[in-house]
Amino acid sequence: MSSSAGDFCNCSPTLVDEKWKLNPRAFATDAHRLHRSGAPTHGSVGTLCQSSVTTIEAPGEAMQARETTLATLVQGQKQFQVPLYQRTYSWTDKELRPLWADILEQARVVSEGSGGTMHFLGSVVVAPSPQTSPSFPRWLVVDGQQRLTTLSLALLAIRDHLGDSKQRERIEDLYLVNKYRDGHERLRLLPTQADRRMYGEHVHNTQSGGSDRISGAYRFFRQELVKAADASDPYDIEHIELAITTRLTLVDITADKADNVHRIFESLNNTGLKLSQADLLRNYLFMRLPTRDEHVYSTYWLPLQRKLTNAQLEQLMWLHLVLEGDSQVRLQDIYAAQQGRLDVGDATEATVEAYVVELHRRSRQFLRILNPDAEPDARVRGHLQRIRDWQGVTTYPVLMVLLERHSAKELTNDQLVQALSYVESFLVRRALCRIPTNSLPRIFQAVPSQLPARVPASDGLRQVLSATSRYWPSDSELREAIRTKPIYLQSQKTQQRFVLRRLEESLAPNEPVDFEQAKLTIEHVLPQSPGEEWLALLAADAEAGESAEDVHRRLVHTLGNLTLTSQNSHLSNHPFERKQDLLRSSSLEMNKRIAGTDSWGATEILARADELAERAITLWPAPLPGVERVERGRDWDLLHQALAALPDGTWTTYGDLAALIGSHPVPVGRHLADVSGITNAYRALGATGRVAEGFRWAGDVDRGDVHDVLAADGIRFNAAGIADPGQRLTTHDLAELIGLPVAEDQAAGDARTSRESAVDGARRNRFRTQLTDHNETAVEASVMRLLDNWCAAGGVLDYGAGRTVTSCSLTLARPGAEDIWALVVYPMYGGQSGFVEVVFQHLSRRAPFDAPELRAELRTRINRLGGVDLPEGKLALRPSFPLAVLADPQNVETLTEALIWFHAAAAGNDVDL
């Protein structure tokens, strides 16, 4: 190295030199890892050495390394070329979501001007391209192409989100294109050949959409930008752009022209083990305890390590910093933050020991939070257990303050219980009113430093949480939300069960249910798939301009229609009279009350919602009255997110969007017509699939005939002007697209519980009976032939647990890997012939079909069946086609061929694409 190897993080020069001789690339990687974990930095390049540029010299490999940002790396006329031996772009939501979280965090730092720690993204290793010239430098990207491509796609999404021509030109000129070059030379990043066309189309804005990962990442960023652009959100688009280009640090490692770049590429996987921040801080602390180390370690530190996991220990370190007044510290910065505190002044052994002792003391309160079952006071234990069951990790700073003050006798038992009830209420009321949770960490982290002096912490907490913009819903807001919001679609299932359980307990039943032992699931009294009797009942309660289907969409997922039961499969979509008998025998008081009604339409659902709302108001106290309330308007954000997520070749209805956000189709239509700049607003159609009468483009932009624009997006219309119903996305589809926690995959649930069918045959017999009773003979015979073909090819049949409809999954058992299936056969639906569901959503979570190109190929093969046309836009969903399609023997053969191809691909064999 150009400077002494011993400069690296104060390590022993001998040790560092030995590491370098063994593996120069691993040495640089270790430096990167220490930086990411919060290691001490020296000068502008903390990951490598004190100088801004380090020359790494080893036999056959001489490289320069420098810290940089994307803006600096790509500035000027140049090109980064991804070599052919590199893999294609492969990042999915699994990698994109944590990166996006880091970008938003850095955007917050930009918006606050706080100058916090920049986020280290990783290294980029480049070497001169054989095509390089002094007038136009070209670099081969040996490592880091996934990062560079992802950041470029994020900037493309920002460019297209902004729309303004000057802004577009500015972003392109700074980061994306070489303005005065043509052809491939115009691209500042030239991906490997397999990705080049699609990436180029996105840069040149000529893309037609697709299922490839380049397009998937681009759509991901477009959707997330819609979320982040809300006026009440602190992250605006300019801050996000600056975060990407100036706050994500990279180490640019430049190889010499004479280096064997392929050899460098092969050595990049020698990454070693990641050092946690707890490991780093422990080593740092005990280096500072030359004479007291054994005593401090055995007395204080070792008990901590025995009681807490590494992650919990890091969380305790973070909580300590928060309680000491650092309300802005991030969990990933605890090592640097704590080291900075101990390095101030002349920190002695006594100072370091005092920190470890304080950490040990605070662990007692932290363990009360982690293990509430050991809490001696029953009321306190109940609240802590419920916050744990809610998964309220964000509340830990507040819980620590309350428990510490209670331990110090500054809070009575009654005051502690009252304060904990405010925390629980704050969480539950916000969830029921569907207020986004992204601000909760910031709110609760700030509370310890905001509690007013000279008043009990319980009173101070209520005052702080009631402040404007904290969004603690009032009683009137809670009543309205319980009547209108589709709770089932928009909160975690554990939290839905939590709310229903608390409401049941408030009814004070004579024989309380043991909820820990009871296997209760959420039941829709008005079923999700209503038959004719249910629709006739709903039609009587329809408002002006509503159909029975609209009423169903509006109410089916609201709290007034939900209950808990252990007989979900028995209740199913039976008429209410049948459900009454089953609910009447339930041990839950809320079910007995439902059974006591004469009918179950809109009137009864809303009446029950009002009753539950009053109980919720009693259970979960309200914020202080008189505090200025602010209009939330977050439902429109959810609607905007859903529209932005629509894949090409798909459309939805005003009613589906209204059900998603707990509104009515009329205000949804008015909003889309009046507000300009909403992505894909024109793809919301009427309930029949027609463009709304009197449709007009929002704002001053006229894009021409909307039918032509929709057709260009891949949406098909028949001669009567009705959009293809197979391309429609329902409320459930929209919820799945934007990541709302909707009901679990039915096929996955069936497969988990169906193995016993191989023993008793009861489910198989139910499936065959339903197949015979509800289908023509030719369809029945074709389905059985398909199942026989699958078994002959080495597959197995898994029959679902449902009694009303018993499904059959065509499953491939894979030794050493998860089972996988492509099709689920439903023998009946609504008392009529059934359908075949293609579970792309399930496949997207199973290798190798997590690769979109494989799912796209499966879709192509299934679409060869006559009468089947699965839209490309549903490659992440669960499209279906009628069983009647299989009455054609040729279709059975075609589907069998597709399943044999699926079998080979799922088994890891090479297949044609």
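In the account below, a residue counts as buried when its relative accessible area is under 20%, as exposed when that area is over 50%, and as partly exposed in between. Welcome to this structure, which is a predicted model. The mean pLDDT of the chain is 82, with 84% of its residues at 70 or more.

**Nonpolar cores**
- The largest nonpolar core holds 93 residues, and those touching the most other members are Leu285, Trp301, Met317, Leu402, Leu461, Val499 and Leu559.
- Helix α18 (residues 413–432) gives this core its largest share, eleven residues.
- To see one member up close, look at Met317: leaving aside residues up to four places away in sequence, Met317 touches Ala278, Leu281, Trp301, Ile334, Tyr355 and Leu359.
- Another core, of 48 residues, lies apart from the largest one, and its members include Val141, Ala154, Ile237 and Leu250.

**Salt bridges**
- Side chains of opposite charge can pair when their charged atoms come close.
- The model has 48 salt bridges in total.
- One of them joins the side chains of Arg292 and Glu353, at 2.9 Å from N to O. This pair links distant parts of the chain, 61 residues apart: Arg292 sits in the loop between α11 (277–287) and α12 (293–307), while Glu353 belongs to helix α15 (residues 349–370). Arg292 counts as partly exposed because its relative accessibility is 34%, whereas Glu353, at 14%, is buried.
- Another salt bridge pairs Glu404 with Arg362, whose closest N and O atoms are 2.7 Å apart. Here too distant parts of the chain are linked, with Glu404 in helix α17 (residues 396–407) and Arg362 in helix α15, 42 residues apart. Both Glu404 and Arg362 are buried.
- Glu611 and Arg593 also meet through their side chains in a salt bridge, at 2.9 Å from N to O. Because Glu611 lies in helix α28 (residues 602–619) and Arg593 in helix α27 (residues 589–595), the pair ties together parts that are 18 residues apart in sequence. Glu611 is partly exposed, with a relative accessible area of 34%. Arg593 is partly exposed as well, because its relative accessible area of 36% falls between the 20% and 50% cut-offs.
- A network of salt bridges links Glu105, Arg108, Glu112, Arg330 and Asp333.

- Five strands make an open sheet in the order β12-β13-β14-β15-β16, and their pairing is antiparallel. At the edges are β12 (796–799) and β16 (880–882), each of which pairs on one side only. On average, neighbouring strands of this sheet are turned by 25 degrees against each other, direction ignored.
- Strand β15 (residues 832–838) and β16 run antiparallel and are joined by three bridges. Val836 stands opposite Phe881 of β16.
- Helix α36 (residues 762–774) lies across β12, β13 (808–812), β14 (820–829) and β15, and runs at about 50 degrees to β14.
- Helix α40 (residues 889–906) lies across β13, β14 and β16, and runs at about 145 degrees to β14.

**Backbone details to look for**
- Most residues other than glycine have a negative phi, and most peptide bonds are trans.
- Arg434 is not a glycine, yet its phi is positive, about 55 degrees. Its place is in the loop between α18 and α19 (440–450), and Arg434 is buried, with a relative accessible area of 12%.
- Tyr471, not a glycine either, has a positive phi of about 60 degrees. The loop between α20 (457–465) and α21 (475–484) holds Tyr471, and Tyr471 is buried at 17% relative accessible area.
- Ala847 and Pro848 are joined by a cis peptide bond, with omega about 0 degrees. Pro848 lies in the loop between α38 (840–843) and α39 (852–862).

**A meeting across the sequence**
- His239 is part of helix α9 (residues 237–247) and counts as buried because its relative accessibility is 17%.
- The C-alpha atoms of His239 and Ala107 are separated by 5.0 Å, although these residues are 132 residues apart along the chain.

Conventions. Residues are numbered from 1 along each chain as its sequence is written. This is a predicted model: local features need pLDDT of at least 70, side-chain atom pairs count only at pLDDT 80 or more; totals for chains, interfaces and linings use all residues. Side-chain values use heavy atoms; hydrogens and water are left out. A salt bridge is a side-chain nitrogen of Lys or Arg within 4 Å of a carboxyl oxygen of Asp or Glu. Helices (H or I, at least four residues) and strands (E, at least two) are DSSP runs, numbered from the N terminus. Buried means under 20% relative accessible area, exposed over 50%, partly exposed in between (1.4 Å probe, protein chains only). pLDDT is the predictor's confidence in each residue, from 0 to 100. Two strands pair if DSSP finds at least two bridges between them. Axes are lines fitted to C-alpha atoms, for helices over the stretch in contact, and angles run from 0 to 180 degrees between N-to-C directions. Contact means heavy atoms within 4.5 Å. A nonpolar core is a set of buried Ala, Val, Leu, Ile, Met, Phe, Trp, Tyr and Cys residues joined through side-chain atoms within 4.5 Å.
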